[in-house]
Amino acid sequence: MNTYTARPVEPSVLKELRTADDAGRPMTAFTDDEGGAPLRCCLRRSAPGERIALVSYAPLRRWAAATGAAPGAYDEQGPVFVHAEECPGPDLHGHPFANAHRVLRRYSAEGRILGGELVDAPDDDAFRTAFDDPAVALVHVRAVEYGCFLYEVRRP
């Protein structure tokens, strides 16, 4: 069992993003002919033939709104793939998207970046190390290639 749990994009947020994303654009769904897109709604890769969408998402902004943090310039938005329609969500066994190097970006309770670390794969040991600093409130797991947000982990 994992001590640190990956958090997908929340169902209520997905509903909003499927209407208008965090950049204010309407969702445009498409059929993924090849598969392999990292879906942030269910934390798995898409299968060929699934209907998905690429939307703009601001994970720190949404966390800050819920917690009262003020991330200032650290409030960023970026592209994420989601299912075009509601899906059952993740079925977590281990840590998702652990098949490649990832960056664990640490944030304070104020929403400021405290640092980042390149890891071979996200696992409990990597998250334990990240949360060893008591100032760390949450960790974003990001792709190395483009820096895209994959999922969030909070303190257990």
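Helices here are DSSP runs of H or I with at least four residues, strands are E runs of at least two, and both are numbered from the N terminus.

Some ground rules come next. The model is predicted, so local features need pLDDT of at least 70 and side-chain atom pairs count only at pLDDT 80 or more, while totals for chains, interfaces and linings use all residues. Residues are numbered from 1 along each chain as its sequence is written, and side-chain values use heavy atoms, with hydrogens and water left out.

**The sheet**

Let's start with the strands. Four of them make an open sheet in the order β7-β6-β8-β9, with antiparallel pairing; two strands pair if DSSP finds at least two bridges between them. β7 (113-119) and β9 are the edge strands, each with a single partner, so one side of each has no neighbour in the sheet. From one strand to the next, the twist averages 20 degrees.

Now look at β8 and β9, which pair in the antiparallel sense over five bridges. Across this pairing, Val 139 stands opposite Val 153 in β9, and Arg 142 stands opposite Phe 149 in β9. The hairpin of these strands has five residues between them, and Gly 147 there takes a positive phi near 80 degrees.

How enclosed is β9 by the rest of the structure? Five of its six residues are buried, so β9 is largely enclosed. Buried means under 20% relative accessible area, with exposed over 50% and partly exposed in between (1.4 Å probe, protein chains only).

**Helices on the strands**

Helix α2 (residues 59-67) lies across β6 (102-108), β8 and β9, and runs at about 160 degrees to β8. Helix α3 also packs on the sheet, where it touches β6, β7, β8 and β9, and its direction makes about 135 degrees with that of β8. Those angles run from 0 to 180 degrees between N-to-C directions, using axes fitted as lines to C-alpha atoms, for helices over the stretch in contact. Touching, or contact, means heavy atoms within 4.5 Å.

**Cores and rings**

A nonpolar core is a set of buried Ala, Val, Leu, Ile, Met, Phe, Trp, Tyr and Cys residues joined through side-chain atoms within 4.5 Å. The largest one has 17 residues, and those with the most contacts inside it are Leu 104, Phe 127, Phe 131, Val 139 and Tyr 151. Two or more residues come from each of α3, β8 (136-143) and β9 (149-154). There is also a second, separate core of 16 residues, including Val 13, Leu 17, Ala 53 and Cys 87.

Tyr 4, Phe 127 and Phe 131 form one aromatic cluster.

Rings of Phe, Tyr and Trp (its six-membered ring) pair if their centres lie within 6.5 Å; planes under 30 degrees apart count as stacked, over 60 as edge-to-face and the rest as tilted. That rule gives three aromatic pairs. One of them is Tyr 4 with Phe 127, a tilted pair at 6.0 Å centre to centre and 40 degrees between the planes. This pair links distant parts of the chain, since Tyr 4 is in the segment before α1 (11-17) and Phe 127 is in helix α3 (residues 124-131), 123 residues apart.

Ala 6 is in the segment before α1 too. Beyond four places in sequence, Ala 6 touches Leu 43, Leu 92, Pro 96, Tyr 151, Glu 152 and Val 153.

Here are some buried residues side by side:

| Residue | Relative accessible area |
|---|---|
| Tyr 4 | 8% |
| Ala 6 | 5% |
| Cys 42 | 6% |
| Leu 43 | 7% |
| Phe 97 | 7% |
| Phe 127 | 0% |

Cys 87 is in no disulfide either, as its nearest cysteine sulfur, in Cys 41, is 3.7 Å away.

Most residues other than glycine have a negative phi. Leu 43 has a positive phi of about 55 degrees although it is not a glycine, and this residue lies in the loop between β2 (38-39) and β3 (44-45). Phe 97 also has a positive phi, near 55 degrees.

Note on methods:
Disulfide = S-S within 2.5 Å.
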